[in-house]
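Let's sit down with this model together and learn to read it feature by feature. Ask whatever you like as we go.

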Amino acid sequence: MGNSFSDWIGKVSNFVWGPPLLILLVGTGIYLTIRLGFIQITKLPYALKLAFSKHQDDKSEGDISHFQALMTALAATVGTGNIVGVATAVVLGGPGAIVWMWLSGLFGMATKYAEAILAVKYRVVDEKGQMAGGPMYYLERGLKQKWLGVLFAAFASIAAFGIGNGVQTNSVALAMKSTFDVPLYVTGIALMVLTGVVILGGVKSIGKVVSLFVPFMIFFYVGSGLLILVMNYDLIPGAISTIFSSTFSNEAITGGAIGAAIRYGVARGVFSNEAGLGSAPIAAAAAKTDFPGRQALVSMTQVFLDTLVVCSITGLTLVMGGQLDTKLEGVELTTASFEVFLGPAGKYIVTIGLVMFAYSTVLGWSYYGEKSIYYLFGQKSILPYRILFVLVAGAGAMTTNLNMVWAISDVFNGLMAIPNLIGLIGLSGVVIAETRLFREQLRREEANRKVS
């Protein structure tokens, strides 16, 4: 019975994450990119400046700053996908999968921009005076389809326990066990305490913690990866040549390898940056901002940082490391590749990076799940949800096999995207109109700067 259920869940997961959803995800990104005039390229420098500026918007409505909203979203997305997911994509789809990961990230930036603009435009103030927003609200208030909002919130609240909690804490516990020989239960108790202390304080507490924690964790892992690239710069041209030749060579195209590269590159790219799934706009809705477009540009940088920076560093290190022909997979492959260049220190860097990435994902997703439950059942459901979330964090860490949880949460993660993408396409006219308004505002600001 157990095996047959596992097989069935596996088939459902493959179906949900099959070509139709991947085409819809990337197709929505391409459609929005064209309609928005490649905003992810033309406005990226301004968006990065806005995200990391010392002068954040403190006067407008909202609960947390642009930077804190970005860090909360990055906390949820920069996770095991950046270390394990990239390795999986390269093993299953070849080095060429990295190209398709880049392309999914490029178009995903437009998707993320649209999600955030709608999240801020249609957000509401709850009974505690805090912002509540995300796909469930723009599906109900913008598209006038509350049933789609309910579907999204139900899928998201369930996915939060798996992809955003149990499987992450399990990765932390197993990494701590294999590298530092820390018993699973010790890691589990520590994670319960650390998670409970932060999330019981709500979004302001989460925002404060991740705005300190996330820049450090990204700098730690990215800094180590950049050190490898700088020290071995002579290997970079060969690695890039391998990535592109394995994508567009005659053998790849005629032999069918390109299909696997596209499938796993796009799937793991989306798994990492979550563009189109509808999770990150929940954090964007809490931001203090005067125009939806301003926070949307900040949210867009999340995909750039996650996929085009962090995933690229992992991907290049994997190809340069020469370990792809071994039987290693997932975190073991990434660890071995780092060890090629950094010796025994590579193992500790990958382990500590994985621990920090996974823990931050738990914090970010706790907020997504909480807002989804609030939408479904109101304020009274939040405290029980937080308590259950903390307990699942501990249980996940102490479980030795989470394949079933991975598969089930993978299904709900994919199902979240369907109502969200319907909303993005249906409300694309609103996204364009809000963008036009914001562009006029930017022109006025530029004119004022010239006058002063």
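Q: Where does Lys59 lie?

A: Lys59 is in the loop between H4 and helix H5 (66-77). Helices here are DSSP runs of H or I with at least four residues, strands are runs of E with at least two, and both are numbered from the N terminus. Before we go on, please note that this is a predicted model, where local features need pLDDT of at least 70, side-chain atom pairs count only at pLDDT 80 or more, and totals for chains, interfaces and linings use all residues. Residues are numbered from 1 along each chain as its sequence is written, and side-chain values use heavy atoms, with hydrogens and water left out.

Q: Is Lys59 buried or exposed?

A: Buried means under 20% relative accessible area, exposed over 50%, and partly exposed in between (1.4 Å probe, protein chains only). Lys59 is exposed because its relative accessible area is 83%. Its C-alpha is 22 Å from that of Ala447, a residue 388 places away in sequence.

Q: And Gln168, buried or exposed?

A: Gln168 counts as buried because its relative accessibility is 3%. This residue belongs to helix H9.

Q: Which residues is Gln168 in contact with, leaving aside neighbours within four places in sequence?

A: Contact means heavy atoms within 4.5 Å. By that rule, Gln168 touches Thr80, Gly162, Ile163, Ala358, Thr361 and Val362.

Q: How do I read the length of a helix such as H16?

A: Compare its reach with the expected span, which is 1.5 Å times one less than its number of residues. H16 (residues 292-321) has 30 residues and reaches 43 Å from first C-alpha to last, close to the expected 44 Å.

Q: Where is the kink in H16 centred?

A: The bend at a residue is the angle between axes fitted to the seven residues ending there and the seven starting there. In H16 the kink is about 35° and is centred on Ser312.

Q: Which non-glycine residues have a positive phi?

A: Most residues other than glycine have a negative phi. Phe38 is not a glycine, yet has a positive phi of about 55°. Phe38 sits in the loop between H2 and H3 and is partly exposed, at 40% relative accessible area. Asp181 also has a positive phi of about 55° without being a glycine. Asp181 is in the loop between H9 and H10, and counts as exposed because its relative accessibility is 56%.

Q: Which residues of H21 are buried?

A: An α-helix has 3.6 residues a turn, so residues three or four places apart point the same way. In H21, the buried residues are Ser428, Val431, Ile432, Glu434, Thr435, Phe438, Gln441, Leu442 and Glu445. Their cover includes helix H2 (19-35), helix H3 (39-42), H4, helix H7 (97-121), H16 and H20. H21 has 24 residues and spans 35 Å, close to the expected 34 Å.

Q: How much space lies in the largest pocket?

A: On a 1 Å grid over the protein atoms alone, a pocket is an open set of points where a 1.4 Å probe fits, with protein on both sides within 12 Å along at least five of seven lines; lining residues have an atom within 4 Å of a point. Points are joined across faces, edges and corners, and volume is the space filled by probe spheres set on them. The largest pocket holds about 1,300 Å³. Of its 40 lining residues, Val84, Thr88, Arg268, Asn403 and Trp406 lie nearest the centre. H6 gives the largest share of the lining, seven residues.

Q: What kinds of residue line the largest pocket?

A: Ala, Val, Leu, Ile, Met, Phe, Trp, Tyr, Cys and Pro count as nonpolar, Asp, Glu, Lys and Arg as charged, and the others, Gly among them, as polar. The lining has 16 nonpolar, 18 polar and six charged residues.

Q: What is the volume of the second largest pocket?

A: The second largest pocket has a volume of about 320 Å³. Among its 12 lining residues, Tyr46, Leu50, Ser53, His55 and Arg294 are closest to the centre. This lining divides into two nonpolar, four polar and six charged residues.
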